[in-house]
Amino acid sequence: MSDVRIVTEADFEDWHRALATGFLEPPVLTPEQLDARRTQFVPGRLLGAFDGGRCVATFRSFAQELTAVGGGLVPADAISNVTVSPTHRRRGLLTRMMRQDLAAAKERGDVVATLIAAEYPIYGRYGFGPATWSTQWTVEVPRAGLDPRWSGPEDGGRIDLVDGEDVRELGPELFERFRRARPGVVSRGELWWRMNTGAVRFRADWTEPFYAVHRAADGEVQGLVAYRSDDTWNGKQPDQTAGVRKLIATTPAAERALWHYLCSIDWITKVDSGFRAPDDLLPYYLPDPRAARITGHADWLWVRILDVVRALEARTYDAVGTLVLDVVDEGGLAGGRFRLEASPEGASCVPADVESPDLTLAVGELGSIWLGGESPLRLATLGRIREEREGAARQADALFRSSGQPWCPDIF
Ligand SMILES: CC(=O)SCCNC(=O)CCNC(=O)[C@H](O)C(C)(C)COP(=O)(O)OP(=O)(O)OC[C@H]1O[C@@H](n2cnc3c(N)ncnc32)[C@H](O)[C@@H]1OP(=O)(O)O
């Protein structure tokens, strides 16, 4: 029987070999790569399974903040680096590591756990539900109908190319404003900015992207894009795709200017948007929205509610109303009956053991509707939320929706 335990610094190299093996990457890391990865080491937050002295399973969690509907921030247990070596799969190792981590997160007072699922069927059993979705577009630049003479915003704003060091300087403050306006965004610590600008390199194949910022007429930085080009030539003709790694903006003017900038670069015939919110305005920033073709759409951030009262009180609601929810949690961490009194200003949520419920739902379904990305009515139609009072699913639909779709721009 493998031994599941907290990983120490002495296990680090062995743990990383197991991680690479699970993700089907070359299992030997260079000393430089290992040193870079040590920056992520937080004592107590790495788990591993060991068999005969060799690491055969990995699991890492870290502290994160997640933006709720209305801009409130909740502490989250972000889960990543989940692997079980192919020699030890389907023996319950993931289940043991997950239980240990979620119990510790609950004990710490985290409101939710979050992850991005490699495969859909893995995490529902642990109480996670898909909570944000992501859409990818490819823009056919010649079809977009943009003015070929465009050379910058017409409203007094400007676009400047900057370097990684500048991004590390100005990015965090821009991101701080950005994350308050969109449910589903996860925090970026200092290490995130260093990793995403090449100052810390986990992989040998890092190539420096181009970075451009949008400044409004008064000089305020309102948008940032990182992109690379793919160096494609069609015979003598440049036919390059600008692949957006990240694009964030705090105003529609900045967002529009950055998309126009990308579509205006000579040699660029296609722009790959990267992973955007499903309600992203990109197509509508183009005179011909059909030039933006959807090339991908899938679930993205999964949420596991650990504390129903704090999660429901952390967000605002689209309407005023009261609902009694019977939350079923097979993991034994967050279940119970709760009365939610919701309003656009906020909410109160209290245990309501003796009241009759309006809706019965599993904790994973609550995770799916909590950020406003999934509709309670749709889940009721699918039989995944049970209506105990007629009309309650429709009422929940009106309360839980979010006027902007939740979006998690990052992968972790
Ligand atoms: C957040 C992230 O890091 S996402 C990355 C996840 N990792 C990967 O995809 C790497 C490749 N896969 C793996 O390393 C492993 O197969 C894991 C981690 C997905 C699963 O680990 P295991 O130890 O095999 O899982 P475990 O034995 O605890 O399985 C628990 C249950 O989940 C099911 N399950 C596990 N993985 C899968 C899967 N990929 N698809 C469908 N069902 C699955 C098992 O069948 C089992 O079902 P049961 O409870 O009905 O018997």
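Modeller: A residue is near a molecule if its C-beta atom, placed from the backbone, lies within 6 Å of it. Keep that cut-off in mind. This is a predicted model.

Biologist: Which residues come nearest to the ligand?

Modeller: Val-82, Val-84, Leu-94, Thr-95 and Ala-118 come nearest, out of 23 residues around the ligand. Strand 4 (73-84), helix 3 (93-108) and strand 5 (112-116) are the elements that each give two or more residues to this shell.

Biologist: Which element gives the largest share of the shell?

Modeller: Strand 4 does, with six residues. By residue class, the shell around the ligand has 12 nonpolar, six polar and five charged members.

Biologist: Now the whole chain. What domains is the protein divided into?

Modeller: Domain 1 covers 3-110, domain 2 covers 134-299, and domain 3 covers 306-400. The centres of domain 2 and domain 3, taken over C-alpha atoms, are 36 Å apart.

Biologist: What does the UniProt annotation cover?

Modeller: An unreviewed UniProt entry annotates residues 2-198 as "domain: N-acetyltransferase". That span is 29% helix and 28% strand, and its end C-alpha atoms lie 37 Å apart.

Biologist: How do I read a sheet? What is the strand order in the open sheet of seven strands?

Modeller: Two strands pair if DSSP finds at least two bridges between them. Here the order is 1-2-3-4-5-16-6, and the pairing is mixed.

Biologist: Why is one side of strand 1 and of strand 6 left without a neighbour in the sheet?

Modeller: Strand 1 (3-6) and strand 6 (129-130) stand at the edges with a single partner strand each, so one side of each has no neighbour in the sheet.

Biologist: In which sense do strand 6 and strand 16 pair?

Modeller: Antiparallel, over two bridges, with strand 16 spanning residues 301-305. Gly-129 has Val-303 in strand 16 as its bridge partner.

Biologist: Which strands does helix 1 lie across?

Modeller: Helix 1 (residues 12-22) lies across strand 2 (46-51), strand 3 (54-67) and strand 4. Its angle to strand 3 is about 85°.

Biologist: Let us go further along the chain. How many bridges join strand 17 to strand 18?

Modeller: Seven, between antiparallel strands at residues 321-328 and residues 336-343. Asp-326 stands opposite Arg-337 in strand 18.

Biologist: What do strand 18 and strand 19 form?

Modeller: A hairpin, with two residues between the strands. Six bridges pair strand 18 with strand 19 (residues 346-351) in the antiparallel sense. Look for Ala-342, which stands opposite Ala-347 in strand 19.

Note on methods:
Residues are numbered from 1 along each chain as its sequence is written. This is a predicted model: local features need pLDDT of at least 70, side-chain atom pairs count only at pLDDT 80 or more; totals for chains, interfaces and linings use all residues. Domain bounds come from an automatic or database domain assignment. UniProt positions are given in the numbering used here, feature names are shortened, and annotations may be inferred rather than shown by experiment. Helices (H or I, at least four residues) and strands (E, at least two) are DSSP runs, numbered from the N terminus. Ala, Val, Leu, Ile, Met, Phe, Trp, Tyr, Cys and Pro count as nonpolar, Asp, Glu, Lys and Arg as charged, and the others, Gly among them, as polar. Two residues are in contact if their C-beta atoms, placed from the backbone, lie within 7 Å. Axes are lines fitted to C-alpha atoms, for helices over the stretch in contact, and angles run from 0 to 180 degrees between N-to-C directions.
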